[in-house]
Amino acid sequence: MKIICRLLFTAAAAVFLLLTLNGCSASSSATAEEVYDAIDTAFHGQYGHGPVPASPIEVDGAALQEKFHLSEEMVDGYKGEIAGMMTNCDMLLVVKAKDGQLDAVRSALNEALQDQKDAFLWYAVMDNPERLEAAKVVTEGDFAALLLVGISPDDPDAQPDFSSDVALAEEAFRQAAG
């Protein structure tokens with residue numbers, strides 16, 4: 001009986017250890033597209049449309065390099081949108097970094113965020129200053145994301161606060177990337 005209990009305890013401990021180590025892994029089997037789509041789904045659930053509602057334009061290889069300072073050699077995959085209206089600063093990009101490139105990707109996304117601040121902070125239409133104040137770059141495992149999103153309130157007299165929209169995007173990002 002003692003032997004059976006020891007075997008069961010050892011087997012349970014081994015399974016627990018494997019599950020714990022697997023959960024701590026920095027690598028994820030998710031794709032950048034799946035992580036982006038999780039954020040998009042969260043916004044559709046909350047607002048009925050995606051996180052970049054102002055005529056979104058899909059991020060392509062040229063935009064990845066020119067607007068986000070990233071090269072194809074740094075990333076395993078990416079998906080994102082930028083506002084297609086020149087008066088709106090919204091952008092959302094999810095990147096799965098190649099091995100050893102996460103810090104460089106994070107740095108490039110922070111540079112892209114600073115570029116948006118330099119270009120739009122003075123331009124106080126469409127709640128740009130408030131959007132830029134709430135924006136952030138986040139990482140989880142192999143993923144990094146620039147979260148510059150926010151849905152303006154319907155009431156034009158209401159003070160916009162986009163921190164809850166950025167938090168919604170961040171939560172969906174972390175759940176899908178983790």
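What do the buried residues of α4 pack against? Follow the stops below.

This is a predicted model: local features need pLDDT of at least 70, side-chain atom pairs count only at pLDDT 80 or more, and totals for chains, interfaces and linings use all residues. Residues are numbered from 1 along each chain as its sequence is written, and side-chain values use heavy atoms, without hydrogens or water.

**Stop 1: the strands.** Select residues 56-58, strand β1, then 75-83, strand β2. Strands are DSSP runs of E, at least two residues; helices are runs of H or I, at least four; both are numbered from the N terminus. β1 and β2 run antiparallel, joined by three bridges. Strands pair if DSSP finds at least two bridges between them. Pick Pro56: Ala83 in β2 stands opposite.

**Stop 2: helix α4.** Select residues 102-120. Colour the buried residues: Val105, Ala108, Leu109, Ala112, Leu113, Gln116 and Phe120. Buried means under 20% relative accessible area, exposed over 50%, partly exposed in between (1.4 Å probe, protein chains only). Look down the axis: the buried residues fall within an arc of 140 degrees, so they line one face of α4. The arc is taken from the directions from the helix axis to the C-beta atoms. On the face turned away, find exposed Asp103 and Asp118.

**Stop 3: the partners.** Show β2, β3, α5 (128-134), β4 (136-140) and β5 (143-148): the buried residues of α4 pack against these. Contact means heavy atoms within 4.5 Å.

Note on methods
The expected span of a helix is 1.5 Å times one less than its number of residues.
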